[in-house]
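Here's a quick briefing to read alongside the model. Have a look at the structure first, then work through the points below.

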Amino acid sequence: MMQQYLRIKAEHPEHLLLYRMGDFYELFYADAEKAARLLDLTLTRRGQSAGAPIVMAGVPAQALDTYLAKLVRLGESVAICEQVGEAGSGKGPLERRVERVVTPGTRLHDGLLDERSDCALLALAPPATRRERDIGLAWLVLSSASLHMAQCPAEELTAWLARIQPAEVLWPADRPLPEVLRSVPATPRPPWQFDAPGGAERLRRALGTLDLEAFGAAGVPRAHAAAAALLDYARHTQGRELPQLAELRVERLDDCVRLDANAKRNLELFSTLRGEPAPTLLSVLDSCATAAGSRLLKAWLAAPPRDQDLARGRHAAVACLLEQGPDALRERLRGLADLERIASRTALQQVRPRELGALRDTLQRLPEVADSVPRGDALLARLREDLGPAQAGLDRLQRALQAVPGMSLRDGGIFADGFDAELDEWRAIGRDSGSFLLAMEARERERTGIANLRVLYNKVHGFAIEVTRGQADKVPPDYRRRQTLKGAERYVTPELKAFEDKALSAQERALARERALWEQLLQALQPAVAPWQRAARSLAGLDVLAALAERARTWDWVRPELSKLPGIEIRGGRHPVVQTQVERFVPNDCVLLPGSRTQIVTGPNMGGKSTFMRQTALIALLACMGSFVPAASARIGPLDAIHTRIGASDDVAGGRSTFMVEMSEAAQILRSATPDSLVLMDEIGRGTSTFDGLALALAIAEHLHQRCRSHTLFATHYFEITDFPAHHPQALNLHVGAVEHDAGIVFLHEVQPGPASRSYGVQVAQLAGMPAVVLRDARQRLQALQQAQAERLAQLELFGAVPGNDVAEAPAAAEDAERADAQRRVLRQLAQLDCDSLSPRQALQQLYELCARAREAEPGGDDARG
């Protein structure tokens, strides 16, 4: 046996080998030691091989998926070696072979997969020569049989990784692994597998076509090279060539609104900043009735299309569902099996009996689903039409399977009575065993006169006639002793032995027949896989659209307008996640038009600046993905990316400080932002000295406004930056309102025109429970610092040429310049007021602020009262 194990292990040196032995999967030697450490198993030593003890550890076969899931989560790859021979069929150990290899990127069964997330296997083909710049990407979602390809410059790889989020990456073994791949399980593959011509040929075979042009897959040789390695690895892990692919798409980065990893994290699309799954945008949106719908919703959210017609089609479908009601469709979708994954496992012949039973039940319900899809919308009509061909294979499944098939092929009980005459015959013999034994027991009692004689069956010793010790002298001569017990003897007769041979043989032959029928059934179902996969995609699309309609109805969202004109105009906007967490949400407008494309946002901490900025990005994102939005109205122009620089975090492992991380992210935004980008900058420059931070913040704002010309929301506590709009057309100031009350602060959460007059940092510290003595000290220090800063900044013009040493002037001249500048700020704030749109409370607050700033502009500052 160990020779067989060592031979198989030599074929899979890079994987942990689980070697089937009866009811256990065993690991040996180094594999056993590693698995014991990872899974907390007990190591044992039994016998010797080559003079050394055999170290081993095992897991129960019935708990295989549990242990596999743990290993794969830890980044391990596992080869599953099954017994394929029959016991007693020949000399030597049972025949065994590796049936499949499970890796982080090739998980296929539900016990190993998150039912609401896809698992992508990515292959990367680096440039073929030093002169080339393009990298080829090919990624496969095995559970849905969908293959995607792309070819891009090397500098775009990070953006692609953020979009794909692969579970495993394949990379040529002769090339150094790029730094951006260090956090993903990477599997080196032989360089010769990255063969472009071979990849193109394998794609043609997998697609059943002679030309890749129809799929848009021609002219991307590096992507073909990546696909070659990807398909070879899939064949290696699944033990067979992939069947016909359900989908091939050639992706381009510009097809979707670009969302890098920072944007996804800062906007809390899929997880909170603490790493929790809720409350997030996905958790709020996902009321899908099926797991496939949840996966598709996540994909739509991660890559919103830039094609406005595609988004408008989704808006129209949601509107139709809202008008006619989504509830009937959602009710029909509940309880459906995961048709997409079951179809893929059927194609790979790794489906389980009860999964085919669930597939049969789902196919029977599809006509009801189709009837519940509202009429009157083109997208809904296309999705409904794709459900019809899925009835292929249903008749065969209905005839073949029992109402509740057995759990596994090993246990049998899969096929219905009447489906196969030979199987029925062997089952009849097994079913008749009970009546035969009862009849024989009655006959033997009468023949022998032993009233307590029993005929019974034991899995170890088979059939036997049991007689108590006190009656043993009455047994006939044809009884042959089989087993002696403490108080009884067990015998067998020629008649009973003949029946035993027939009955046990019938069970084995019934199981063997079911295995043969199972293989035939899977082969016969292969032509139906493609229609099932199309129907699965349609069901997922219907589920997402119905969920979006339900969310729009529940939270009073509106249909956005997508415009070809640049800009974002949101009236009465609300944060889609925060809205669900608070009793009352204060809506705000955001108008980023060509005449106001840079907006400086000031106000106190906790006032709502970050919420306002995030909700603007989320509303734009929802509109682009095809959802209704939380606003009174929204008009969204062309959008190519959403960039965010929000929050503070360091990278200890990478040796980067908080400020370094902040600058790196800002630099990436400045290199990538375009006039069609939405940029959120929150308190940039705070991680260093005041003057360094202020200088950097001003320079970054200048670059975004003048060079990138993006739609920018720039939140800051540097009040000097509020002079930015005075020197830059198409920029303006906003602030979030707050008022002091009883030595405290009340946040209004209203975004108002003009700059804020104060940051209220000490008041926020008071809300946080800071000791009173510290607060008193802070107020005194704040007053002194503000006075000193005013004296310093009075001598510096931030938006003009930096003066030299000859600008030192008399104190009186500096005071005059400061007063003149303060008066100009008051006049600018007054000119920016829209009196007709102010509520009485807002008007009173603005009046108080103007009076306060006017007093500061008079000689004597705050003492000039009256």
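Is glutamate 355 buried or exposed? Glutamate 355 is buried, with a relative accessible area of 12% (buried means under 20%, exposed over 50%, partly exposed in between, with a 1.4 Å probe and protein chains only). Keep in mind that this is a predicted model, where local features need pLDDT of at least 70, side-chain atom pairs count only at pLDDT 80 or more, and totals for chains, interfaces and linings use all residues. Residues are numbered from 1 along each chain as its sequence is written, and side-chain values use heavy atoms, with hydrogens and water left out.

**Around glutamate 355**
- Glutamate 355 sits in helix H13 (residues 353-371); helices (H or I, at least four residues) and strands (E, at least two) are DSSP runs, numbered from the N terminus.
- Leaving aside residues up to four places away in sequence, glutamate 355 touches His109, Asp110, Ile342 and Arg345 (contact means heavy atoms within 4.5 Å).

**The sheet and its helices**
- Four strands make an open, antiparallel sheet in the order E14-E15-E17-E16 (two strands pair if DSSP finds at least two bridges between them).
- Strands E14 (454-458) and E16 (480-484) are at the edges with a single partner strand each, so one side of each has no neighbour in the sheet.
- E15 (residues 462-468) and E17 (residues 488-492) are joined by four bridges, and glutamate 466 stands opposite arginine 490 in E17.
- Helix H17 (residues 433-448) lies across E14 and E15, at about 140° to E14 (axes are lines fitted to C-alpha atoms, for helices over the stretch in contact, and angles run from 0 to 180 degrees between N-to-C directions).
- H18 packs on the sheet too, touching E14, E15, E16 and E17, and its direction makes about 145° with that of E15.

**Aromatic pairs**
- The structure holds nine aromatic pairs (rings of Phe, Tyr and Trp, the latter by its six-membered ring, pair if their centres lie within 6.5 Å; planes under 30 degrees apart count as stacked, over 60 as edge-to-face and the rest as tilted).
- Phenylalanine 436 and phenylalanine 499 are stacked, because their ring centres are 4.0 Å apart and their planes at 15°.
- Phenylalanine 436 is partly exposed at 22% relative accessible area, whereas phenylalanine 499 counts as buried at 13%.
- Tyrosine 479 and tyrosine 491 form a tilted pair, 5.7 Å centre to centre with 50° between the planes, and both tyrosines are buried.
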